[in-house]
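Hi,

Here is the structure I promised to send over. Have a look at it first, and then read on for what turned up.

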Amino acid sequence: MRNYARHTLALTTFFDHPGDGRVYPEIPASDLSWALVAGVILRLGSANRLEWLAKSSNGNDLGLTRSFGDDALAYFSERLDPQVIRRRMAETLKLAKCNKVFEETAFIGLAIDGTGVGHTTKQPCPLCHPIKDSNNNVTGYNHHFVMISVVGAGITLPFDVEPYAADDSEYAAGKRLLKRAVNLLGPRFANYSVADAKFATAPFLHTSDQVKLPIIARLKQNLPQLSAAVEARFTGQPPTSSFQYGDDWIEVWDANDFDPWEALNWNNVRAMRYRQHKKDGRVIQAEWLTNYSITKLPARSFFKLAKSRWEIENQGFNDAKNLYGMEHIQHHAPNSMVVNWLITLLALMIERLYRIRYLHRGSHPILTAMQLNDTLWLNLRHAHADSG
Ligand SMILES: [Zn+2]
């Protein structure tokens with residue numbers, strides 16, 4: 001997997017020169033950068049476990065030339081330049097697109113959403129958000145960032161995060177992130193952006209216009225005027241179209257001539273309501289808005305693109321937190337946290353491209369993430385037995 005990352009994904013230069021800011025480095029940056037990525041791929045969850053593993057196995061089995069303590073990793077991550085990791089991930093995505101990693105017919109989407117991680121009760125850092133109880137007493141802190149992910153293209157690849165402090169806002173961070181991502185990926189990489197209702201504000205929609213991406217955003221009560229107009233128009237009307245989606249039956253109402261609200265500089269707003277009938281009788285209804293034209297994006301595709309937003313929740317936040325340890329702080333310093341979040345996404349990217357595309361060549365089935373993880377651990381154990 002290290003060879004795959006270094007050669008097939010062209011990450012050799014990155015691992016050797018990852019933006020190391022140490023003045024007198026004793027341990028090669030190539031060891032430390034790979035150690036951070038390997039720790040995520042193996043789901044170690046802590047630098048202590050990585051230190052132990054590197055010391056007790058032959059370091060070679062992990063792809064390391066020497067072992068080191070968790071203090072060396074902390075010192076390294078505090079001084080690593082996050083911008084170098086970001087640029088590298090954008091380059092890897094562009095390479096993946098050239099190599100036809102994404103589904104040919106797909107619209108490539110960029111989903112944006114925010115989350116909180118890294119709960120602590122220790123001394124706060126500049127990125128800490130206080131958590132207060134009902135009496136306004138601070139009971140602890142956590143950390144917030146906005147993440148961006150490639151979605152809608154058959155493989156979910158989150159690739160950047162933008163942190164924001166307590167006096168900043170989620171959607172301001174979202175605007176910075178979307179601009180930076182399109183700047184790094186180039187204007188023709190993606191076909192649309194997609195976001196939840198909290199990003200459905202004029203400034204955010206205008207940011208997507210600025211980077212020339214049509215945007216699809218969830219429509220909720222935070223836009224009361226448009227919500228009411230959509231309700232008045234669609235309720236009692238027969239659906240515009242209906243179709244099968246997996247096991248579910250979908251009804252769609254779709255119209256492109258709603259008035260923009262005062263702050264929004266669009267000529268008109270297209271809105272869609274879908275009603276998803278599950279086999280067990282449950283019905284899910286949701287409304288979405290977009291500036292995508294009906295001729296370029298038929299109702300059925302609009303529905304699919306809206307659904308692609310779930311990927312950043314399920315294959316983004318949920319996997320990164322529950323499987324790869326993004327929930328926990330490795331080292332409580334702002335730059336280290338950003339670096340570790342980005343390294344988690346890089347490791348996820350390497351793991352997914354390797355497992356879902358590379359190992360899946362020819363007639364090989366796709367391994368689950370757990371099967372690949374088990375395989376890696378078995379290999380480590382065998383290598384350890386052989387050398388021991
Ligand atoms: Zn903090």
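This is a predicted model: local features need pLDDT of at least 70, side-chain atom pairs count only at pLDDT 80 or more; totals for chains, interfaces and linings use all residues.

Let's start with the hairpin. Strands E7 (residues 241-245) and E8 (residues 248-258) run antiparallel and are joined by five bridges. If you want a pair to click on, Phe243 has Ile250 in E8 as its bridge partner. Two residues sit between the strands, and Gly246 in the turn has a positive phi of about 60°.

Asp247 is also in the loop between E7 and E8. Asp247 counts as exposed because it has 9 C-beta neighbours inside 10 Å, and the cut-off for exposed is 12 or fewer.

Next, helix H10, which covers residues 299-307. Its buried residues are Ala299, Phe302, Phe303, Leu305 and Ala306. Looking down the axis of H10, you'll see these fall within an arc of 165°, so they line one face of the helix.

Last one: Pro124, in the loop between strand E1 (109-120) and strand E2 (129-132). Pro124 has 15 C-beta neighbours inside 10 Å, so it counts as partly exposed. Its C-alpha is 37 Å from that of Leu353, which is 229 residues away along the chain.

Cheers

Terms used. Residues are numbered from 1 along each chain as its sequence is written. Two strands pair if DSSP finds at least two bridges between them. Helices (H or I, at least four residues) and strands (E, at least two) are DSSP runs, numbered from the N terminus. A residue is buried if 20 or more other C-beta atoms lie within 10 Å of its own, exposed if 12 or fewer, and partly exposed in between; C-beta atoms are placed from the backbone. The arc is that of the directions from the helix axis to the C-beta atoms.
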